[in-house]
Amino acid sequence: MHTRSKLAVLASAVMVSGWLVASAAPAGAISAAAAGPCGSGYNRVGVYAIPKSGPRTGTLEVYYSSGTGKNCALAYGYGSTAGKKTYKSVTIGVSSGTQADHDYGQFAQYAGPVYVSARNKCINVSGWIGKTHRDLTKVHCG
């Protein structure tokens, strides 16, 4: 077999094996994983321990979409509360107090996501895990 023929066979094999690996994942798996908990177009802008000090029981995450001008938040368990059905709550609102979204209940994974339109505005965010909480006021302005 000539060198050129060997290279053509090798290139074809590489292309086919790459196609097989890429096609092994379900069609929406890659884009769904990349979207994150708030959906596509949101970037994480803050991660906060719940509570602010003492033994950590959870995490409060804040996301922002520059395309929509919306912020998003969720609160999830940490350590002994991770994956355990406990009271979880998250609230997000514009600091001026005109808009807010809230989610709460006995959840195994997380409370939220909750959303607020806050382009060029500061937000207030709070998260509860069991009896501990974290409050942030006038954050992520812009």
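Student: Does T59 count as buried or exposed?

Tutor: This is a predicted model. Buried means under 20% relative accessible area. T59 has a relative accessibility of 1%, so T59 counts as buried. The residue belongs to strand β2.

Student: Which residues is T59 in contact with, leaving aside neighbours within four places in sequence?

Tutor: With those neighbours set aside, the contacts of T59 are V47, Y48, I50, L74, A75, Y76 and Y78. The T59 side chain also makes a polar contact, at 2.4 Å, with the side chain of R56.

Student: What is the general idea behind a nonpolar core, and how many residues has the largest one here?

Tutor: In soluble globular proteins, nonpolar side chains tend to be buried together. Here the largest nonpolar core has 18 residues, and L60, V90, I92, I123 and V125 have the most contacts inside it. The elements giving two or more residues to this core are β1, β2, β3, β4, β6, β7 and β8. Another core, of five residues, lies apart from it, and includes C38, Y42, C72 and L74.

Student: What does V125 touch, not counting residues up to four places away in sequence?

Tutor: V125 touches L60, V62, A73, T91, I92, R134, D135 and L136 on that count.

Key:
Residues are numbered from 1 along each chain as its sequence is written. This is a predicted model: local features need pLDDT of at least 70, side-chain atom pairs count only at pLDDT 80 or more; totals for chains, interfaces and linings use all residues. Side-chain values use heavy atoms; hydrogens and water are left out. A nonpolar core is a set of buried Ala, Val, Leu, Ile, Met, Phe, Trp, Tyr and Cys residues joined through side-chain atoms within 4.5 Å. Buried means under 20% relative accessible area, exposed over 50%, partly exposed in between (1.4 Å probe, protein chains only). Helices (H or I, at least four residues) and strands (E, at least two) are DSSP runs, numbered from the N terminus. Contact means heavy atoms within 4.5 Å. A polar contact is a pair of N or O atoms within 3.5 Å; within protein, one must be able to donate a hydrogen and the other to accept it, and residues adjacent in sequence count only if both atoms are side-chain atoms.
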